[in-house]
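Look over the sequence and the structure first.

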Amino acid sequence: MAMKNDDSFNRAKGISLKVEDRDANKSDVALKVVIYIICIFLTLLSILPFWIMFVNATRSTTQIQGTAVSLIPSTYLMNNFKILTSKSFNPFRGFLNSLIISSCSTVLAVYFSSLTAYAQVVYEWKLRNAFFSFIMAVMMIPTQISMIGFFQMVYKMGLTNNYLLLILPSIQAPQMVFFMRQYLQPALPLEIVQSARIDGAKEFFIFNRIVLPIMKPAIATQAIFSFVGSWNNLFTPMILLSKTDLYTMPIMVSLLRGDIYRTEFGSIYLGLTLTVLPLIIVYIFLSKYIIAGVALGSVKG
Amino acid sequence: MKRKSSYAKYGYIFSIPFFIAWLVFMLYPICYTLLIGFTDLKGVGNTNFNILWDDLFKNYKFVLSTPSFKTALVNTVIIWLCNFVPQIILALLLTAWFTDKRCTIKGQGFFKVIFYMPNIITAATVAILFNQFFAYPKGVVNDIMVGLGIFKDNVNMLNNGTVARGIIVFIQTWMWYGYTSIVMISGVLGISPELFEAAEVDGANRWQTFFRITIPCIKTVLLFTLVTSMIGGLQMFDIPKLFLDGGPDNATITTSVFIYNQAFAGSYFYNRASAASVIMFIIISILSIIMFYMLRDKDEVALRKLIRQQEKAYKRKQKGL
């Protein structure tokens with residue numbers, strides 16, 4: 001490792017000597033080498049844990065107990081899968097359940113947040129500014145403090161083990177309203193709304209057919225974050241769902257920690273892999289938008 | 001005028017779904033939590049309660065005097081601080097490197113994507129994955145440590161509270177530094193390039209540019225990161241719950257885990273969990289308000305100072321003319 005770095009350092013130095021300002025560039029190159037080394041180290045740190053997990057998912061328990069670290073896959077994938085699914089872990093069920101909950105709550109969150117933001121941008125109403133201050137204030141409330149009351153309320157109504165209570169709360173997503181408003185304010189020409197009104201369009205029609213398409217880029221990024229957030233949520237499903245048929249992916253994962261799989265290391269790694277795989281695939285395709293979304297949120301926030 | 005007011009009603013109509021959902025799913029549960037904190041509500045599946053009129057703050061007194069709540073509170077703050085500080089240092093370093101115009105780093109897009117990746121992975125999965133890595137007697141980390149000759153023999157690291165806490169700190173840092181970096185880099189990219197050009201013309205070196213121009217310009221972004229990280233960090237649940245379930249010996253218990261364990265395990269003390277939630281809410285609110293107050297004040301003071309200076313300079317100029 002050290003040799004290699006020296007090598008690239010010397011090579012880089014050779015290039016830099018051609019440039020006019022030699023002293024300044026020498027330190028620049030040294031800094032650059034340090035930066036690249038650290039970045040490559042961090043890259044390995046991000047990838048290796050998942051790679052070890054993928055590989056161990058294909059290895060037998062005896063292999064893992066022999067040497068826990070291996071970078072080369074083995075052939076016990078099917079065997080691990082049989083052991084995994086023979087017990088309480090049902091990856092397909094969990095995947096489907098998570099998909100249902102996450103999709104529905106994402107659609108609701110995106111639609112109603114856009115609607116609320118639209119009301120902020122287009123209409124002149126008395127309480128508009130007050131309502132915006134309200135949204136800003138509500139944004140800061142930590143959700144977990146409401147959880148005991150939420151559980152008691154749901155339990156009283158007899159609606160535990162019902163997905164509705166995991167989906168409907170996403171109608172109120174103050175962060176998303178805030179983001180949508182910031183996006184809509186410069187992006188929406190009011191003339192479009194006015195000319196649509198002259199043509200006789202109803203307000204809901206204008207929002208659904210004209211404004212929503214304009215908001216597509218913002219909706220896309222917010223939908224990704226809403227979906228991932230809902231998919232990864234552990235706390236709420238854990239307190240509301242008690243039927244195994246209804247378990248979401250994160251609850252399935254939490255089963256891997258119990259006594260059921262105590263020594264079946266290969267199966268545990270496979271179970272973990274199955275929960276990570278959909279996310280990584282989605283991430284590979286959408287990373288560009290996700291990174292852009294993270295960056296955008298910060299500037300506006 | 002008449003037309004305008006006829007459209008104004010849509011402002012209300014379109015905001016109603018949000019507001020109703022907020023009332024039902026946020027305000028009511030919060031008030032209900034507050035109420036339960038003053039009652040004797042406990043026991044699995046129980047929804048009937050009596051308000052403790054003779055000793056209204058009984059649950060609060062209990063929670064505040066329980067050693068495990070104090071441990072949880074201290075742990076939560078320690079874990080948050082210990083992951084926030086290295087996270088922000090690393091993020092600032094990466095920001096300085098990635099936005100330095102004098103030496104461009106190639107592959108920035110790739111690095112950002114990779115650094116952010118742990119953040120989108122289910123926290124529950126990450127917790128159990130790391131639990132497996134640190135398994136004893138045969139685990140990935142033990143294997144590596146023995147292979148490198150750092151450990152003579154396999155060690156049960158998770159038995160040690162400090163090490164366990166350290167691992168949670170590491171996981172949190174690992175999951176969040178990418179996010180923080182991207183947020184800050186985009187903050188810096190939003191600064192007018194003329195400022196940097198002017199600094200270069202004036203002969204400012206890297207350090208001066210970074211500390212005198214970059215940092216002051218991204219102050220709001222820093223505050224945003226600080227506050228969101230704090231609100232999220234003080235509610236930390238998934239990782240401490242699934243990594244070691246608060247163990248060993250409550251060394252990794254956080255307030256959220258404490259609340260969960262009070263309400264949904266053992267004797268199902270919904271009342272005590274509610275009291276703990278309210279205490280947590282008060283703490284988070286106070287800290288947020290302090291942070292906002294501190295920064296807002298400083299900014300305004302600085303701005304006023306600047307305006308005054310400019311006024312003086314302007315007057316001097318006029319006199320000179």
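Predicted model: local features only at pLDDT ≥ 70, side-chain atom pairs only at ≥ 80, totals over all residues.

Residues are numbered from 1 along each chain as its sequence is written, and chains are lettered from A and ligands numbered from 1 in the order in which they are written.

**Contact between chains A and B**
- Chain B supplies 75 residues and chain A supplies 71 residues (in contact: C-beta atoms, placed from the backbone, within 7 Å).
- On the chain B side, helix α1 (residues 2-36) gives the most, with 21 residues (helices are DSSP runs of H or I, at least four residues, numbered from the N terminus).
- That side of chain B divides into 52 nonpolar, 17 polar and six charged residues (nonpolar: Ala, Val, Leu, Ile, Met, Phe, Trp, Tyr, Cys and Pro; charged: Asp, Glu, Lys and Arg; polar: the others, Gly among them).

**Helix pair in chain B**
- The axes of α3(B) (residues 67-98) and α7(B) (residues 161-189) come within 7 Å and cross at roughly 40° (axes are lines fitted to C-alpha atoms over the stretch in contact, and angles run from 0 to 180 degrees between N-to-C directions).

**Helix α7 of chain A**
- Seven of the 10 residues of α7(A) (residues 147-156) are buried, so this helix is largely enclosed by the rest of the structure (buried: 20 or more other C-beta atoms within 10 Å of the residue's own, with C-beta atoms placed from the backbone).
- The buried residues include Phe150(A) and Phe151(A).
- Gly158(A) follows α7(A) and has a positive phi, near 70°.

Definitions and conventions:
Contact = placed C-beta atoms within 7 Å. Helix = DSSP H or I, 4+ residues; strand = E, 2+ residues; numbered from the N terminus. Buried ≥ 20, exposed ≤ 12 C-beta atoms within 10 Å, placed from the backbone.
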